[in-house]
Amino acid sequence: MKNKYYILLLLFLIFVCFGCTPKKAEDITVTSSEDSLSTYFSLANDFTLAREKRQEYSHKAFEIVINQENDSLNRVNLFKVANRYYNINNWKDFNKTVHLVLEKSESAKDTTSIIKGYTYLGDYYESQAILDSSFQFYYKAEKMYAKLGDNINLGKTLFSKANLLYKAGDFLGSEKSVFNVLRIVKGENKINSILYDAYNLLGLIYNELGDYESAIVYNNKALTVIDDEIIPLEFQSRATSYNNIGFLYLNSQKYLFAKEYFQKGLEQKNLIIQKPYVYTMLLDNLAYSKFKLNETEGLPKMFYQSLKLRDSLKLTSGIFINKIHLSEYFASKKDTIKALQYSKEALLLARSTNISRDILVALKQLAVIEPEKASDYTKEYIHINEELQKAERKMGDKFSRIEYETDQIKGENTNLETKNRNLLFGFSGFTMLGLLLFVIKAQKTKNRELLFKQEQQKVNEEIYNLMISQQSTIETSRIVEKKRVAQELHDGVLGRMFGVRMNLDGLNKFNDEIAVNQRNSYLAELKNIEQDIREISHDLNREKSELINNFVAIVNNLFEDQKKTFKPKLITTIDPAIKWELLSNAIKINLYRIIQESLQNINKYANANTIKVELKKNGENLFLSINDDGVGFNVNKAKRGIGIQNIQSRTKECIGTVDIKSNKGEGTTITITVPIEQKLILT
């Protein structure tokens, strides 16, 4: 039973190491528009980095990919993220990502990605030791790959099923499945990774069946098919194969050969960095083979070194076997206390993980160390062993039932598909007719709305023209009034001032009390004249300001309506240096409409938080800038709607230029440039 435990542990570690290899072979090389995404993928797969850092980069890659559109590239990237989680044994996020990409693949009816998703779910349930669920997903993928004629992926899926049969204790069934894999992939290109896994599994099967010679033959075959271009060096395939061969020699009690292969494995470059758990396995096995050879040099230090590293990596299975080896070592040294300590710790660990084979190994070791309790340990050993055999038989039966039920459900689904197809054809005609009528009706409604908006726009322009014309009339009246006031100043105020000055000159000759009183009276009169002039001047300035800023007032009314009605924050700037009297009414109308149209477009489509409108003078030109931080659009690809066409048309009427800059997610900026002095040309 000890041999069985070792083999199971070895199989688990091999598939942890190489289970991700097929996935890497399946990855499609893509060129991402996101430089950071490519960087995160590379760093997440950098085996020289700590697991925590690789997980951090995997999370960052996921955050980018999750926001991409559901296309083939997005699904490829999601599978890449899942692979990164797989390589660091982050099963929770691996499962989450696989379910997400499977959902997207089913939505897009992407058969290839759906099958791939099934194999990934099979990998997930295998890692969680839920073998029946794992077998079910592998079987679904197998049938679909067979239908597509994809022999490479079919071989990989059948190998996964063979591995499950091995774990369930069906060694002959597993052997049959592996040879079926070799038959299917024969003649295909670049199958070294499949051959490597198949030969390794055959080595484990024959070891379990006690045929050590065949086991060594197939492990050597695995070693010869290693191709560093297909199986990357960082997977440390050679170190793993050396460990497998050494372990077989260990089981057949050829300890010297075993020691030689374990040493070869430890000599592999960067092993402790790239595959620390393989390093700990080789170190522990080397120490055990030296122990069996009665070589005390480096013992028990090598056992402790391996245990410490396994404990830091939380390799539960490795910790268990390390403690069993230490127990055997101290038992041979007659140190019963330490031997018993490590055996009991191993048993406690096996019970906590509920691994029956580990419990059997620990019970067997305790029976050797404590012969007085051997009877109790043996009874428990027999009971657990019987339960384990029953469970293995049930699992084999369950696999057969899954295949039968899956095929039966598939047949029922085929019948349902035929019925659904007939129903679909029956309703398609009615649906298309209804849709056509709906489109026609919606188009008519849309056309009516468009005509109404055009008429409303014309009416608004007429109203504004009337307003401007009225202001022109008022301006003419004010000019007439100013002339009248100027005449009044000349004929009235200046005449009064002249009379006062003459009288004051006459009084300069006299200094009596009467003259003084008269001078004071004339000074008071001068103050009255001064006040009259000041009031007239203020009235004229106010009239001029109101006249100049009439267009500004109209625009400000538009801005106030925008602030009251819509959510975005509006920031406006109007350059006081602009001489509005130099601009024709036609230009003012067009500028007003451009601002109005732009605000309407932003409110409807931009989903902006802030809008900035600026009118400024630069040299002989007037600049109108309208900016928002909304969703933006592709200027080159977007359809030229009526709004943009109107803005361009109005700018052209003003003998100006328009520049529209926008990108998705970066907002929009519209810049209008209009020459200022056009009044004589356009009016």
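Two strands pair if DSSP finds at least two bridges between them. Helices (H or I, at least four residues) and strands (E, at least two) are DSSP runs, numbered from the N terminus. The model is predicted: local features need pLDDT of at least 70, side-chain atom pairs count only at pLDDT 80 or more, and totals for chains, interfaces and linings use all residues. Residues are numbered from 1 along each chain as its sequence is written, and side-chain values use heavy atoms, without hydrogens and water.

Strand 3 (residues 621–628) pairs with strand 2 (residues 610–618) in the antiparallel sense, over eight bridges. D628 in strand 3 is the bridge partner of I611. Two residues lie between the strands of this hairpin, where G619 takes a positive phi near 70 degrees. Strand 3 also pairs with strand 5 (residues 668–675), antiparallel and over eight bridges. There, S625 stands opposite T671.

The side chains of strand 3 alternate. L622, L624, I626 and D628 point to one face and are buried (under 20% relative accessible area, with a 1.4 Å probe and protein chains only).

Helix 3 (residues 35–44) packs on helix 4 (residues 51–65) at an angle of about 150 degrees, with the axes 8 Å apart. Axes are lines fitted to C-alpha atoms, for helices over the stretch in contact, and angles run from 0 to 180 degrees between N-to-C directions.

S113 lies in helix 7 (residues 111–127). S113 is buried, with a relative accessible area of 10%. Not counting residues up to four places away in sequence, S113 touches R75, F79 and S105 (heavy atoms within 4.5 Å).

Methods:
Buried < 20%, exposed > 50% of the residue type's maximum accessible area, 1.4 Å probe, protein only.
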